[in-house]
Amino acid sequence: LQAKKAVGDAAGAGNLLFGTEETLSENFQPFEKWTGAVDKMSKERANLEQFKTRFKKWLDQLDPLKDKDRTTQINEVNKLMNQAEYITDQVNWGISDYWASPGEFLAKFGDCEDYAIAKYMALKYLGFPADHMRVVAVKDLNLKVGHAILAVYMEDHVAILDNQIKIVVDSRKIRHYEPVYSINEKAWWRHRVAGSAPTG
């Protein structure tokens, strides 16, 4: 792992996610579920006409957002995706943990990481750079469970898109999440509470 400060030059915000220190790696070998979801999305988009037909309802809702400002885009994408029904991986796929592509999510809905991935891909479709976004695996300190959200690095803050919260929230206003790792198509980051001893 290679130490790197904040989000790197491309993200621009310069904010530490939930006040944690980050260590960057470009080795995606431990994250087959994430790379699998990205690969499936690439295949879904490979045939453009089929993509437009299959995802017409989705695109009809996203396309009018292309000329909107970034804040409106993230608010509308969060609201749109949060309308989907929450369904566990065990019910959908018969296994405890499955990371769905947006196509699979739109067809069968999903759980927290599936919402986050669908929002990531929707914002990418609207022109957000991949290195301005991260799917984040967190510990919910209130519920004592794992959870996944999407972090979007804006000019002056990190916006959190969460299927458990109706509105987009500035990460600095959230106290009950502790990030474990975050990931996008460029790299992944291990997180630890600032000042604590590194592990692993």
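Is glutamate 185 buried, partly exposed or exposed, and what is its relative accessibility? Glutamate 185 counts as partly exposed, because its relative accessibility is 27%. The close-ups below start from this residue, and the model they show is predicted.

**Figure 1. Lysine 124 and glutamate 185 meet in a salt bridge.** The N-to-O distance between these side chains is 2.8 Å. Lysine 124 belongs to helix α7 (residues 112–125), while glutamate 185 sits in the loop between β7 (177–183) and β8 (188–193), so the pair ties together parts that are 61 residues apart in sequence.

**Figure 2. Helix α7 is largely enclosed by the rest of the structure.** Of its 14 residues, 13 are buried. The end C-alpha atoms of α7 are 20 Å apart, which agrees with the 20 Å that its 14 residues should span at 1.5 Å a residue. After the helix comes glycine 127, which has a positive phi, near 110°.

**Figure 3. Glutamate 22 pairs with arginine 134 in a salt bridge.** Their closest N and O atoms are 3.3 Å apart. Strand β2 (residues 20–25) carries glutamate 22 and strand β3 (residues 133–140) carries arginine 134, so this pair ties together parts that are 112 residues apart in sequence. Here both glutamate 22 and arginine 134 are buried.

**Figure 4. Aspartate 63 and lysine 66 form a salt bridge.** The distance from N to O is 3.6 Å. Aspartate 63 counts as partly exposed at 34% relative accessibility, and lysine 66 counts as partly exposed at 42%. In total, the structure holds eight salt bridges, among them this one.

**Figure 5. Phenylalanine 18 has a positive phi.** The phi of phenylalanine 18 is about 55°. You will find phenylalanine 18 in the loop between β1 (2–3) and β2. With 17% relative accessibility, phenylalanine 18 counts as buried, because the cut-off is under 20%.

**Figure 6. Phenylalanine 109 also has a positive phi.** Its value is near 60°, and this residue is not a glycine. Is phenylalanine 109 buried or partly exposed? At 30% relative accessibility, phenylalanine 109 counts as partly exposed, whereas phenylalanine 18 counts as buried.

Technical notes: Residues are numbered from 1 along each chain as its sequence is written. This is a predicted model: local features need pLDDT of at least 70, side-chain atom pairs count only at pLDDT 80 or more; totals for chains, interfaces and linings use all residues. Side-chain values use heavy atoms; hydrogens and water are left out. A salt bridge is a side-chain nitrogen of Lys or Arg within 4 Å of a carboxyl oxygen of Asp or Glu. Helices (H or I, at least four residues) and strands (E, at least two) are DSSP runs, numbered from the N terminus. Buried means under 20% relative accessible area, exposed over 50%, partly exposed in between (1.4 Å probe, protein chains only). The expected span of a helix is 1.5 Å times one less than its number of residues.
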